[in-house]
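Hi,

Here is the structure I promised to pass on.

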Amino acid sequence: MEEIPLDFMDIKELYRCYMPFLKQGGLFVRTAKVYKMGQSLALNVTLPDALEPILVTGKVAWVTPHGAQNASPAGVGVAFIDDKHHLNDQIVKLVAGMQASHEITYTL
């Protein structure tokens, strides 16, 4: 299974990538590489101000191709499947203050 490192330097970028509409949460990964729907991936996620990355596995549940409308960046959304370290809960706490924001996200 391919492992993708994701380092979030600030809460705004984490908010843009977070996919709360997925049952167990998920993250959008900006990439030019092509992945298939349902493909298994591992994300090695470092949250803002965290010292250690958190590993979570998931499946591709969203694809934004290169040249998509609204100038959205190319990439894939990975739905969390095995979230042993409760990454989704940690993200929810970090982005809680931005939920009413009009900040554009990379997905919806």
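Below is what turned up, starting with the ground rules and moving on to the sheet, the rings and the backbone.

This is a predicted model, so local features need pLDDT of at least 70 and side-chain atom pairs count only at pLDDT 80 or more, while totals for chains, interfaces and linings use all residues. Residues are numbered from 1 along each chain as its sequence is written, and side-chain values use heavy atoms, with hydrogens and water left out.

On confidence: pLDDT is the predictor's own confidence in each residue, on a scale from 0 to 100. The protein chain has a mean pLDDT of 92, and 100% of its residues reach 70 or more. Confidence is lowest in α1, at a mean of 94, and highest in β3, at 97. (Helices are DSSP runs of H or I with at least four residues, strands are runs of E with at least two, and both are numbered from the N terminus.)

Now the sheet. It is an open one of five strands in the order β1-β3-β4-β5-β2, with mixed pairing; two strands count as paired if DSSP finds at least two bridges between them. The edges are β1 (2-7) and β2, each of which pairs on one side only. Direction ignored, neighbouring strands are turned by 40° against each other on average. The axes behind that value are lines fitted to C-alpha atoms, for helices over the stretch in contact, and angles run from 0 to 180 degrees between N-to-C directions.

Going through some of the pairings:

- β1 and β3 run parallel and are joined by six bridges; D7 sits opposite T46 in β3.
- β4 and β5 run antiparallel, with seven bridges between them; V63 faces V76 in β5.
- β2 and β5 are also antiparallel, over five bridges, and L27 has V78 in β5 as its bridge partner.

β5 is mostly covered, with six of its eight residues buried. Buried here means under 20% relative accessible area, exposed means over 50%, and partly exposed is in between (1.4 Å probe, protein chains only).

What about aromatic pairs? A search of the whole structure finds two. The rule is that rings of Phe, Tyr and Trp (its six-membered ring) pair if their centres lie within 6.5 Å; planes under 30 degrees apart are stacked, over 60 edge-to-face, and the rest tilted.

F21 counts as partly exposed because its relative accessibility is 39%.

The other pair is F28 with Y106, whose ring centres are 5.7 Å apart with planes at 40°, so this pair is tilted. Here too distant parts of the chain are linked, with F28 in strand β2 and Y106 in the segment after α2 (87-95), 78 residues apart. Both F28 and Y106 are buried.

Lastly, which residues have a positive phi without being glycine? D49 is one of them, with phi of about 65°. D49 is in the loop between β3 (40-46) and β4, and it counts as exposed because its relative accessible area is 81%. H86 also has a positive phi, near 55°, and its place is in the loop between β5 (75-82) and α2.

Cheers
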